[in-house]
Amino acid sequence: MSTKLRVGIIGVGGNGGRFLDAYATNPRVEVIAICDTRDEHRQAQQEKYHVPHGYADVDALLKHDEIDLVSIHAPDWLHAPFTLAGLDAGKHVFVEKPMATSVEDCLEMVARADAAPTRVAVGHVLRTRPYFRMLKAMVEAGEIGEIYAMRSHYLTNPMHRSASFQEIAHRSYSLPMLTMGVHPVDLMRWYAGDIVEVQAMESRDMALPGNPRDESVTALYRFAGGATGSITVCWASNYIFDSDYGLELHGSEASVARGEVHRRGTFEREPLPEPPQDTREGYAAEVDSVVDSLLDETPLFCDVHEGARSAIACLMAIEAAKTGKTLAVPNP
């Protein structure tokens, strides 16, 4: 590999466009190819970022020998096949969350990545945000103690704000418990370890009557260490989104909730410190972490196993809500 990581990007609209900007402004990266089916948009992005090669077909981009890393920003249901194709082409892969939309695809991606000479990073961006990294440092330092309970939500309102969002969601996203719920699920796993079982319930035709997709799911998880975690998701809510995902951590030494820490024995609350702003903002921090790990051969911030375990925990919650059963959660 050269001193710079040579990147090919699949999908440069929306999130993909923001990732293109993040890669293009990283001094250790050379964006040498992009792929998008919209000719005019692709050509405009090539000109803006001085990208030498543009493709309308994914297979054509993957045949480009100089590419070290392929970065995937396609609809959820294409994450698995594009990742597997990237591995087959001998590329490192960055794929946005959720890693896949079925348990079977997650398991195949893990097996194929483990057997490949290249690596797969999964885009759980919250792991790179200063606030959540600060909580991780508190957990690792023992400030929280042994975590016994957690709570979080992803309540937001795009179904109300945009008349076209239902069609966009159907075309590009997986079910809310997966495409949205995977964020808080991954955080909880990051803090408390693997999930071993799940119960879940759903409500339909209530938050937004006539919505053909599941509107709200509440999942209760059991973690391998004994902790529990509850999560509620809904994208037809009237609630204004919380940037901290309503995350609460409750441990034997302290609880953290709503920007405050409650320490054992004090019976007082104190504000959390401001997290260190030591990374670029948004997707750029995620890109920087992946690039540095691949070039410096250090561990990825979220590898294929971590991405699979978070996605599978969400997929099993969807199945538990349908069946009414308590289900075991595999951890490949």
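Guide: Contact here means heavy atoms within 4.5 Å. Helices (H or I, at least four residues) and strands (E, at least two) are DSSP runs, numbered from the N terminus. This is a predicted model, in which local features need pLDDT of at least 70, side-chain atom pairs count only at pLDDT 80 or more, and totals for chains, interfaces and linings use all residues. Residues are numbered from 1 along each chain as its sequence is written, and side-chain values use heavy atoms, with hydrogens and water left out.

Visitor: How much space lies in the largest pocket?

Guide: On a 1 Å grid over the protein atoms alone, a pocket is an open set of points with protein on both sides within 12 Å along at least five of seven lines, for a 1.4 Å probe; lining residues have an atom within 4 Å of a point. A volume is the space filled by probe spheres set on the points, which are joined across faces, edges and corners. For the largest pocket the value is about 1300 Å³.

Visitor: Which residues are closest to the centre of the largest pocket?

Guide: The lining of the largest pocket draws at least two residues from each of α1 (15–24), α4 (79–88), α7 (158–161), α8 (165–172) and α11 (283–296). Of the 45 lining residues, the closest to the centre are N15, A74, E96, S172 and Y173.

Visitor: How many residues of α4 are buried?

Guide: The buried residues of α4 are H79, A80, F82, T83, L84, G86 and L87. They pack against β1 (5–10), α3 (58–62), β4 (69–72), β5, α5 (103–115) and β6 (120–123). α4 is thus mostly covered, the count of buried residues being 7 of its 10.

Visitor: What kind of pair do the rings of F19 and F94 form?

Guide: Rings of Phe, Tyr and Trp (its six-membered ring) pair if their centres lie within 6.5 Å; planes under 30 degrees apart count as stacked, over 60 as edge-to-face and the rest as tilted. The whole structure holds 9 aromatic pairs. In one of them, the centres of F19 and F94 are 5.5 Å apart and the planes stand at 45°, so the pair is tilted.

Visitor: How many residues apart are F19 and F94?

Guide: F19 counts as buried at 1% relative accessibility, and F94 counts as buried at 1%. F19 lies in helix α1 and F94 in strand β5 (residues 92–96), so that the pair links distant parts of the chain, 75 residues apart.

Visitor: Is T232 buried, partly exposed or exposed?

Guide: T232 lies in strand β10. Not counting residues up to four places away in sequence, T232 touches S152, H153, Y154, L155, S216, V217 and T218. With a relative accessible area of 24%, T232 is partly exposed.

Technical notes. Buried means under 20% relative accessible area, exposed over 50%, partly exposed in between (1.4 Å probe, protein chains only).
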